[in-house]
Amino acid sequence: MTRLARLLSTVAVSALVLATAARADASVKEKARAPSKANAALTKPDAKGAAAPVVKVAANGAGGITGKVTLKGKAPELKPLNMKSDPFCAKKTANDETVLTDGKGGLANVVVRIAKGVKTELAAQPDVVLDQDGCVYKPRVSFVVAGQTVLIKNSDQTLHNVHTYKGPATLFNQAQPQGFPPLKKKFPKPGDVVKFKCDVHPWMTGYVFVTDSPFAAVSGADGSFAIKDVPPGKFTVETWHEQLGTQTFEVEVKDGKPADLKVEYAAK
Ligand SMILES: [Cu+2]
């Protein structure tokens, strides 16, 4: 009932999605094709002249983009990090998770996002939490909508030093002793990949991908991902992996059902 009430109170776009969800279909095409009648109506320029569908974050489109990222070829062996240089970290264990699979081909930590085709009137978003926990960044890979707050915590009983980079350039570099409150940071530029390092513990690595909408996801342990509440339309989806690079897909979400997207990376 709560969900229904929420749906009824959302924008016209999602109302139309709901109305057509029952006879919905979804498909992924490498090449763009003519939009369906419903899609054409939804992507018509609005009063402000914007061509892309405008969606409030709270609006629940019944569609989505779901799928799985796989690694073709042999996954590298997981190697434990050497954390002996710090007595606190030495008591912890962690692996180098640069390329992380589930052993069955599923590839984790891939950012999947709609890079083109949707505009968002961004409602208030909860902070994204990045924790320094066990002398590693958790999660290793995440995304944040430009302008949204990243809350950087230090849950360890040791000094960390949050050193962020865009490419080779430092964005900020701030010590965070144990017990200190979280740092609150915002990243304004969509498309930026912010790399997190720690000058005290050189093995610590994290990435925050800055998106221009909440229509994004990070593949989980088994490689699966789900971008929810996507309105009907044609979108350019971009995938990003810290070592294996970027790929682009054209995806069409028809009224309602999730479009299925299979993403494959070749092992290096
Ligand atoms: Cu550290």
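**Close-up 1. Cys135 sits in the loop between strand E5 (128-133) and E6.** The model shown here and in the views below is predicted. Cys135 is not a glycine, yet its phi is positive, at about 65°. Is Cys135 buried or exposed? Cys135 counts as buried because 24 C-beta neighbours fall inside 10 Å, and the cut-off for a buried residue is 20 or more.

**Close-up 2. E5 and E6 form a hairpin with two residues between the strands.** Gly134 takes a positive phi near 70° in this hairpin. The strands E5 and E6 run antiparallel and are joined by three bridges. Asp133 stands opposite Val136 in E6. Cys135, in the loop between E5 and E6, also has a positive phi.

**Close-up 3. E5 is also joined to strand E8 (residues 149-154).** How many bridges join E5 to E8? There are five, and the two strands run parallel. Look for Leu130 and its bridge partner in E8, Ile152. The pairing of E5 with E6, by contrast, is antiparallel.

**Close-up 4. A cis peptide bond leads from Lys138 to Pro139.** Omega for this bond is near -5°. Where does Pro139 lie? Pro139 belongs to the loop between strand E6 (136-138) and strand E7 (141-145).

**Close-up 5. Four strands make an open sheet in the order E14-E3-E16-E17.** The pairing is antiparallel. Strand E14 (216-218) and strand E17 (245-253) stand at the edges. Each has a single partner strand, so one side of each lacks a neighbour in the sheet. From one strand to the next, the twist averages 25°.

**Close-up 6. Edge strand E14 pairs with strand E3 (residues 111-116).** Three bridges hold this antiparallel pair. Which residue is the bridge partner of Val112 in E14? The partner is Ala217.

**Close-up 7. Asp229 lies within strand E15 (residues 224-230).** Asp229 has a positive phi of about 60°, although it is not a glycine. Asp229 is partly exposed because 19 other C-beta atoms lie within 10 Å, and a buried residue needs 20 or more. Cys135, with 24 such neighbours, counts as buried.

Technical notes. Residues numbered from 1 in each chain as written. Predicted model: local features only at pLDDT ≥ 70, side-chain atom pairs only at ≥ 80, totals over all residues. Buried ≥ 20, exposed ≤ 12 C-beta atoms within 10 Å, placed from the backbone. Pairing = 2+ DSSP bridges. Axes fitted to C-alpha atoms, helices over the stretch in contact; angles between N-to-C directions.
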